[in-house]
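Me: I would like to learn how to read the features of a model like this one, step by step. Could you take me through it?

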Amino acid sequence: MSKVIITCAITGSAHVPSMSRYLPLTPDDIAAQAIEAAEAGAAILHLHARDPRDGRPTSAPEVFDQFVPRIAQATDAVINITTGGSVHMSLEERLAYALQIKPELCSLNMGSMNFSLHPLARKITDYRFEWEKPYLEAFEDTIFRNTFKDIKHIMLRLGEECGTRFEFECYDIGHLYSLAFFVEEGLVKPPLFIQSIYGVLGGMGPDPENLSLMRTTADRLFGRANYQFSVLGAGRHQMPLAAVSAVMGGNVRVGLEDSVYLGKGELAVSNADQVRKVRRILDELSLEVATPDEARKILNLKGRAAVNL
Ligand code: KMH
Ligand code: ZN
């Protein structure tokens, strides 16, 4: 089995500050936690930005610029900038910073969908900021828009024009067939980095059977040699599904963007906390962790020198 690529998603745009006091909100905190996660073994750092005043998700390049260059100076980890932003942002807003720095890697969401955390709104009792409750409730009536035209636009603007490659976010089996369509269109080239996502409300559930279905479907559509399988389990499913992925020869994604927990009823005190835990699991399975440069080789990335940082 090849070495395992650990992706760490530092803060995201779905989780709200009241879910955990450890969720990094400011440029200082995002930078510090990203650097610590890289030092703990994350080869790829997936990054969103937040308004430092109240943690509200933002796409503002001037906010990203307060932490991305610092992370790049402190680690050789692969910088992965979101193109998903938040479900409430326009496509232009979502792409602004990625188009500015032309990163080695960006996320790319492979279909429009319901993506929601609205049930959380009634579970949180004391909110830190006014914006949080309505933000969570608004998910119930919001479509996460990723039309074929949007996806093609991102592939052309970032893929063709900037040499950026993609972490293809696949929340359902249909997203694999959409990816196969773009391969046939000649808009994406192997190796495909397939981030299969389980347990997000609106996407497929966290049943291990779904990992097998995604794996066998990807084998059939792309051929095993042409893609890297990775698994993101949301919330409490994060570590169990990371273990299943590792056993299946896949890669893993952790991070407070997708789970604020370290284990049952226990908050992770940092992103690095989760990286260290998944490393322990990999170590026990006698699996080695890929370095950033090994990840670049596996995913055919253009290298840090080609990033406009
Ligand atoms: N939060 C993950 C489930 C993106 O940023 O473009 C998906 C994600 C998408 O990270
Ligand atoms: Zn993200």
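Me: Is N300 buried, partly exposed or exposed, and what is its relative accessible area?

Reply: N300 is partly exposed, at a relative accessible area of 48%, where buried means under 20%, exposed over 50% and partly exposed in between, with a 1.4 Å probe and protein chains only. This is a predicted model, in which local features need pLDDT of at least 70 and side-chain atom pairs count only at pLDDT 80 or more, while totals for chains, interfaces and linings use all residues. Residues are numbered from 1 along each chain as its sequence is written, chains are lettered from A and ligands numbered from 1 in the order in which they are written, and side-chain values use heavy atoms, with hydrogens and water left out.

Me: What is the phi of N300, and which segment holds this residue?

Reply: Most residues other than glycine have a negative phi, and most peptide bonds are trans. N300 has a positive phi near 60 degrees, and its place is in the segment after α11, helices (H or I, at least four residues) and strands (E, at least two) being DSSP runs numbered from the N terminus. S286, likewise not a glycine, has a positive phi of about 55 degrees; this residue lies in the loop between α10 (271–284) and α11 (292–299) and counts as exposed at 68% relative accessibility. As for peptide bonds, the one from P190 to P191 is cis, with omega near 0 degrees, and P191 lies in the loop between α7 and β10 (192–198).

Me: How should I read a helix, and which residues of α6 are buried?

Reply: An α-helix has 3.6 residues a turn, so residues three or four places apart point the same way. In α6, the buried residues are D150, I151, I154, M155, L158, G159 and C162, and what covers them includes α4, β6 (105–109), β9 (165–170) and α7 (173–184). Helix α6 (residues 148–162) has 15 residues and reaches 20 Å from its first C-alpha to its last, close to the 21 Å expected, the expected span being 1.5 Å times one less than the number of residues. Just after α6, G163 takes a positive phi of about 70 degrees.

Me: Which residues coordinate the zinc ion (ligand 2)?

Reply: Donors are N, O and S atoms within 2.8 Å of the metal (3.2 Å for Na, K and Ca), and water is not among the atoms, so sites may look incomplete. Here the zinc ion (ligand 2) is coordinated by H46 (NE2), H48 (NE2) and E257 (OE), at 2.1 Å, with the spacing H-x1-H-x208-E along the chain. H48, in the loop between β2 (44–47) and β3 (49–50), and E257, in the loop between β12 (251–254) and β13 (261–263), are 209 residues apart and link distant parts of the chain; both are buried.

Me: Where is T7 found, and what is it in contact with?

Reply: T7 is found in strand β1 (residues 6–9) and is buried, with a relative accessible area of 0%. Leaving aside neighbours within four places in sequence, T7 is in contact (heavy atoms within 4.5 Å) with I44, H46, E167, F193, Q195, V252, R253 and V254, and H46 is also one of the residues that coordinate the zinc ion (ligand 2).
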